[in-house]
Amino acid sequence: MTRLVSGLLLMTAAAVAADEWKMPDPARTVYLDLPDGRVVIELNPAFAPETVARFAELIGQGFYDGLPFYRVIDNFVAQGGDPAETREIEGGGRNLPAEFERDWNDDELVFVPAQAPDLFAPETGFIDGFPAARDPATGKVWLTHCYGTVAMARGNEPDSGTTDYYIVIGQAPRYLDRNLTVFGRVVTGMEHVQRIRRGPAKTNGVYEDPAKATDMVRIRLASEVPEDQRTVVRRVDTEDDSFKALLESRRDRQSEWFHHKPPEVLDVCQVPLGAEVLKSPANPHNAR
């Protein structure tokens, strides 16, 4: 079952075979409950093990519950956390190491190529559902800043991240790649993220009065929520042949709709990563 939108062929969920989907691991899935609904985030410990561990630790402490998205810039990022550092962190607020990139390992990471060269990297592609880039000359690979990316904020020093994080809500700020630790991405619920109130332009999106900002109602690891109260989602398997065919079709657009055919260039951040909610509790905010 397919449909055309402005000459672009889109595949609906009903047309996708079961083996073309992947169910995120509950142990690396986060439920971010916002006033307008639930956001499902998939974490990536393969690229940011210490950051993911800290994030999960803080979630387990209830650290983020009720804290605001205190810096929200339209078409850029929504940043949340504890800017005034009023909340105590069990075990101390140690700084996180910079996990901007990692060594390439063919045996561990399956890289599905998208574009070479890319404006910001020698090569881009996908690794286990995440947009990524790599440099064969240096043997390094990293996650990219695309729409829905979740990353840890920091100060000027590389190892200065602690608790505050951000979600990309606009055009992909790829110049941030390898300068901040990307540790997750939104799988479903970006419509709720987009309803987070924007901050004042005069303060670069920072709320001087956090009471006016949108709060995180609650954050939980899916594995800590009873199964009957979980939001069950599935997302596209980027290693499946159908996804590779999608990449090729978007690189070489053959539709008659185009009067001026685009060049055969594929922006890794413009590739749709399909996902759908299979089951959701009636009231996610009541899920324990």
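## A residue in a loop

Thr-231 is found in the loop that runs between strand E18 (218-221) and strand E19 (232-236). Strands (E, at least two residues) and helices (H or I, at least four) are DSSP runs, numbered from the N terminus. The model is a predicted one, in which local features need pLDDT of at least 70 and side-chain atom pairs count only at pLDDT 80 or more, while totals for chains, interfaces and linings use all residues. Residues are numbered from 1 along each chain as its sequence is written, and side-chain values use heavy atoms, with hydrogens and water left out.

Thr-231 counts as buried because its relative accessibility is 7%; buried means under 20% relative accessible area, exposed over 50%, and partly exposed in between (1.4 Å probe, protein chains only). Leaving aside residues up to four places away in sequence, Thr-231 touches Tyr-31, Arg-38, Val-40, Val-277, Lys-279, Ser-280 and Pro-281, where contact means heavy atoms within 4.5 Å. With Arg-38 there is also a polar contact between the two side chains, at 3.0 Å. A polar contact is a pair of N or O atoms within 3.5 Å; within protein, one must be able to donate a hydrogen and the other to accept it, and residues adjacent in sequence count only if both atoms are side-chain atoms.

## The chain as a whole

The protein chain contains three helices and 20 strands. Its radius of gyration is 19 Å, close to the 19 Å that the globule rule gives for 288 residues, so the chain is as compact as a globular protein of that length. The radius is taken over C-alpha atoms, and the rule is 2.2 Å times the number of residues to the power 0.38.

Of the 288 residues, 50% count as buried. Among contacts between residues at least 6 apart in sequence, 70% join residues at least 24 apart.

## Backbone details

The peptide bond from Ala-116 to Pro-117 is cis, with omega near -5 degrees. Pro-117 belongs to the loop between strand E10 (112-115) and strand E11 (123-127).

Glu-85, in the loop between strand E8 (77-80) and strand E9 (102-103), has phi near 55 degrees, a positive value in a residue other than glycine. Glu-85 counts as exposed, at 68% relative accessibility. Asp-128, in the loop between E11 and strand E12 (130-135), also has a positive phi, near 50 degrees. At 18% relative accessibility, however, Asp-128 counts as buried.
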